[in-house]
Amino acid sequence: MISSLSVQHLFILDEKKKPLVQNVSFSISSKSVFFLIGETGSGKSLIAQTIAGTLPKRLTAKGKIFFEKQNLLLLKDSERQKLWGKSLFLMPQEPFSALNPLLSVFHQVREIFEYTKGMKRNQANESTKDILSILGIPYQVFKEKPHKLSGGIAQRVLLAMALASPAKFILLDEPTKGLDSSRKKDAILLIKEILNNGKTLLCITHDLSLPLAIEGNIGILFRGILVEEGKSKDILGSPTHPYTQGLLDALPERGLHPIPEELLEKLERTWL
Amino acid sequence: MTRKQKGAILILIVLILGLVFLFLRNSNPFAQNLLHTLESSSKSHILGTDHLGRDLGARIAKGAFNSILLSAICVLGSLFIGLSLGSLAAYKKSNIEKGLLIFTDIVMAFPGIVLAIVLSALTQGGPCAVVIALIFTGWPQYFRMVRNLLKGILGSPYVEAAQIAGFPTPILLGKYVFPKLVPTIGVMAALAWGKTILEISSLGFLGIGMAPPEPELGAMISEGMSYMRTAPQVVFLPGTVIFLFVFAFLLLGDGKNRNCTGGYHI
Amino acid sequence: MGKIIFFARTYFFRMVIVALGVSTLCFLAVEFAPGDRALDVAMARYGLDGATASAVEYVRTSEGLEKHPFIRYKAWLFSVIQGRWGHSLVGGEEIFPMLLRSFKRTTLLAGFSLLLSFLFAFPLGIYCGRHPGHYVDILSSLASSVLVSFPSFVRGAFLILLLAVNFHFFPVAGFSSFSHMVLPAITLAIGLAATSSRVIASSIQQACQTEHYKFAQHKGLCGKNLFFPHGLLNASVPIVTYVGLQAAGLLDGVVVIETLFAWPGLGSLLLDALRSGDILVIQGAGLLLGWIYVTVNTLTDWLSEGFIL
């Protein structure tokens, strides 16, 4: 199995050299999805930012992140920028802040074909029309500015961009933030669609319903430490770590049991 | 207080001290002496004399004092009107507010200096026309700002909570609402003060406002233009004093570096 | 379509009110100003000595100055609407062509100043916006603050002293050749460029920090393809609004500069007319000025709305 991204012994430290993420290692095989699960403050967003190259300057990252035969942590900013859109695609959370309010959606999708795939204007127009239609976006919507679109269609526009992009690796940060269950189903379909197109996906989330619905690999992050890692089926079916069990018990389907305080304290003492 | 604001206060203190010093030397801004015109600094006249032999320093001091006073009146007047009307618009909904908005829109369509020029023909010169015109064109900005701010504040949860808790309205207004307005309006007023000084001196340059022989910095510059070649200080000393005041107000209002040029127009 | 109608209505409404307001004001100003209009006109026409009692009476009757103000105002309004703006009481010229000439000259000066200021402000502003904190950014910010705190006529006087008197590069004042326009235009342009460059810099800086700019970068765009459609385009909305405001404020500034440099434009015309009590010129000039102001303001509103349309 070809490994698309390999994180090895990653440490992320703040200005005072306090570790926010400790010794995290995992690999993502190509054309699969890896769910990085954690609550707020677990460090999952920091890991995502380090991979993306958007980690704030005041934090330092140590370790190795292998991607496309390079160690990402050794790259300068300008070299990192070259990866954006061509090898690595960062999917934004909120379509309405990510899309330029002054340009039509057609224009913004076509940009990807023109500038990252090097197509000429005519060819790019055709490709844009194709991909937007395939995703079920109505023809009338093409020339509209983003704020005129409904939330669902705007999400699909972002999906179109992800699929249009030549990047094989897509980073998804909290795709179900603030969504109700019906919209969540759309998000799950979105992820499945991306995988069907042969992309590799790293999905950062706190929402366990996603790995339960989609087959892939999973890593459970607790306060900056990876406590479990492996195939989602195995880990969620028979979790070895009490924290994972606690997360599962907290699901609405299983009774919404909050993670007991004693467990958290015990974990803090032993692991940190 | 940011460094900029401290700098501004420093400049202002220096200026005021300088002006007071010039005032106190008992020099008369009106005493002409045609034997000693356009002289540069000397023992009896620190900054020299103007084309009628009057002590330049005393004239600058008096003129600066007049400008500051006049502009303060204009700013306070506009502020008062804008504050009152803005509060009215924010409190009472519907028709009154709509009417006020349309009225403000129209007022904002009047050019400021032109209005002052025309109005000045009405009075016999003298600063009244200037003050009226500047206040008339000056209040809409406060109106808009106060109205927008108040709408935001009055709708906010903590004001609602205070109302439910039973605070009497004056205390509510005094402790909760008013303090929120002060920073923004304060900045506007500081910047407006500088802008008004510029406008008053521009009008003075055109011969509108204080009547001679009352010194006015802009008017002094206008008179001094003819002698600029031989005695440039008559033009540039008052000019520099205007600059120092305006710059100080700019720094004062702009401490947070939001707006480097303070909306001063050319 | 609805928006266009809305704007047309607003414009028309504003214009009528301002036109009426300004001209009424001018009229009242001249009416109730102390002194005798007829005397002022006679003095301006015939000089101080020529303004004898009979001359003044002649002026009064021939120009119909003894009629009741209301009647005169109404008559004036009617003739203006019909396009007959009357003639100057002092020189006897037809007012409309006179106004038009001055208007052209003022527009020439203002337009040239604006152009000059853009030539300078745009490159500087864009550079500072893309490199915030750079020493160029800090220096130009300081320079702008300083320049703008000087009254325009002081800046103008300084330029005159430096370039016209000391170095004889340009003539001091007047209106016969292109070089006469340079100094006043530069004076105005300095003030405009000082504020415009700051607004341009801060708009661009803000536009480049938005979420969609970052996303455009993440999409893979860089260089011109990134900056122009996602940075500059978005920044241009506040820039256009501000430039429009500046252009409107230019009207005030132009009056002062015209006086300093003896540029015979609309501002000078109004001032001279006020001094000589030339009623019809005052009213006409006031009307025209008010109209210009409303038009520029409305155009600015239009443009800033138009981007979102």
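Trainee: Which residue just after α9(C) takes a positive phi?

Mentor: The model is predicted: local features need pLDDT of at least 70, side-chain atom pairs count only at pLDDT 80 or more, and totals for chains, interfaces and linings use all residues. Residues are numbered from 1 along each chain as its sequence is written, while chains are lettered from A and ligands numbered from 1 in the order in which they are written. Helices (H or I, at least four residues) and strands (E, at least two) are DSSP runs, numbered from the N terminus. Just after α9(C), a positive phi of about 120 degrees is taken by Gly220(C).

Trainee: Which helix gives the most to the side of chain C that touches chain A?

Mentor: Two residues are in contact if their C-beta atoms, placed from the backbone, lie within 7 Å. The contact takes 16 residues from chain C and 18 residues from chain A. On the side of chain C, α9 (211–219) and α10 (224–261) each supply at least two residues. With seven residues, the helix that gives the most is α9(C).

Trainee: Which strands are the edge strands of the open sheet in chain A?

Mentor: Two strands pair if DSSP finds at least two bridges between them. Six strands of chain A form this open sheet with mixed pairing, in the order β6-β7-β8-β3-β9-β10. Within chain A, β7 (residues 169–173) and β8 (residues 200–205) pair in the parallel sense over five bridges. The edge strands, each pairing on one side only, are β6 and β10 (225–231) of chain A.
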